[in-house]
Amino acid sequence: MKLKGIIFTIISATLFGCAPAIVQKIYSYGATPETTTFFRNFFAIPITLGILFLQKTRIYATKKQLFSVAMISCFGLACATLTLISAYPFIGTSMATTLHFLYPVFVALICFFCFKEKLGKFKIFALILAIIGILFFFQKGKNSNNISLGIFLSVVSGLANAYYMVGLDKFNIREIPSMVLTFFISSFASIGLLLFGLCTNRIHFNLPYQAYFFMFLNSILIAFVAISLLQMGIKYLNATMAAMLSLFEPVTSNLIGICFMGEEMTIKKLIGSIIILTSAMIIILLDNQPAQVKKVEKKS
């Protein structure tokens, strides 16, 4: 059973790591980050509805729960995905994904400041490590402004994902069945992204069919296959072990970026990546160590 959990989690993390390559393919057909993020959530709605219909599951939540879901959907998951893929053109998929993995550190900080959870010396050490790791990504030169913007967007994506994960854990939505919750999250994220895209004129519908095919593929692989495998991995292992194995995601993203997308990995960036992933691992290992770590829901 444990071997099954390891295999499921590694495959899930690998799929998440491959997602940036699919996104770059979507970009090549003229899609914007807003378009890509919107359709990733939008395509999930009818599929989720179909599954709920087959399962004969009642779609219900209280007004308070719906408000909580709307908040974490728009300002958590949607914002995290949008800012992450917006960072790709500036710093590449490998750097952006690595910086996104600051989210375990941000989760610890949010729980400390907002929920008065203890922030021990090792978590403080991990925070300092994360800050040092970020500094390794900055560089001087004619493209330094773009690099700084890409770093900023990636860090914001990590912060937004942390808010999403804390919301899943701390808000009043635990009683909602997982598939129903997925339906509500996809729906609210789609509405928020549609309104944002229309106001900014950044959602484009006049795209070739190839773009829609890859956006549908991105939605299926991430919104269903990868997240389902992660949940099964947590079932056979535990959330701490699954979270550690999820670090295969930035590793996969780095390898794909370097080997197939022509991205450069300098010694400086490599050191920064190792430092950031080390800080994330420290937080994961220390998170609720005496008890089982709470169930982890994935974003990106």
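Colleague: What percentage of the 300 residues in the protein chain do buried residues make up?

Modeller: Buried residues make up 51% of the 300. Buried means under 20% relative accessible area, exposed means over 50%, and partly exposed lies in between (1.4 Å probe, protein chains only). This is a predicted model, where local features need pLDDT of at least 70, side-chain atom pairs count only at pLDDT 80 or more, and totals for chains, interfaces and linings use all residues. Residues are numbered from 1 along each chain as its sequence is written, and side-chain values use heavy atoms, with hydrogens and water left out.

Colleague: Why is Thr93 called buried?

Modeller: Its relative accessible area is 1%, so Thr93 counts as buried. Thr93 sits in helix H4, residues 63–100. Helices (H or I, at least four residues) and strands (E, at least two) are DSSP runs, numbered from the N terminus.

Colleague: What does Thr93 touch?

Modeller: Residues up to four places away in sequence are not counted. Among the residues touched are Pro20, Gln24, Ser253 and Met261. Contact means heavy atoms within 4.5 Å.

Colleague: How many helices and strands does the protein chain have?

Modeller: There are twelve helices and zero strands.

Colleague: How do you know that the radius of gyration of the protein chain agrees with a compact globule?

Modeller: For 300 residues, the rule gives a value near 19 Å, and the protein chain has 18 Å, so the two agree. The radius is taken over C-alpha atoms, and the rule is 2.2 Å times the number of residues to the power 0.38. The C-alpha trace spans about 55 × 50 × 40 Å along its principal axes.

Colleague: What is the reach of helix H5 set against?

Modeller: H5 covers residues 103–115 and has 13 residues. From first C-alpha to last it reaches 17 Å, close to the 18 Å expected. The expected span is 1.5 Å times one less than the number of residues. Buried residues of H5 include Tyr103, Phe106 and Leu109. Just after H5, Lys116 takes a positive phi of about 60 degrees.

Colleague: What makes Arg202 and Glu34 a salt bridge?

Modeller: Their closest N and O atoms are 3.2 Å apart. A salt bridge needs a side-chain nitrogen of Lys or Arg within 4 Å of a carboxyl oxygen of Asp or Glu, so this pair qualifies. Side chains of opposite charge can pair when their charged atoms come close.

Colleague: Which of these two partners is buried, and which is partly exposed?

Modeller: Glu34 is buried, at 9% relative accessibility. Arg202 is partly exposed, at 34%.

Colleague: How many salt bridges does the structure hold?

Modeller: It holds three. Glu117 and Lys170 meet in one of them, at 2.4 Å from N to O. Glu117 lies in the loop between H5 and helix H6, and Lys170 in helix H7, so the pair ties together parts that are 53 residues apart in sequence. Asp169 and Lys170 meet in another, at 3.9 Å. Shared partners join Glu117, Asp169 and Lys170 into one network.

Colleague: Why does Asp169 count as buried?

Modeller: Its relative accessibility is 19%, so Asp169 counts as buried.

Colleague: Why is Leu270 called partly exposed?

Modeller: Its relative accessible area is 38%, so Leu270 falls in the middle class. Leu270 lies in helix H12, residues 267–286.
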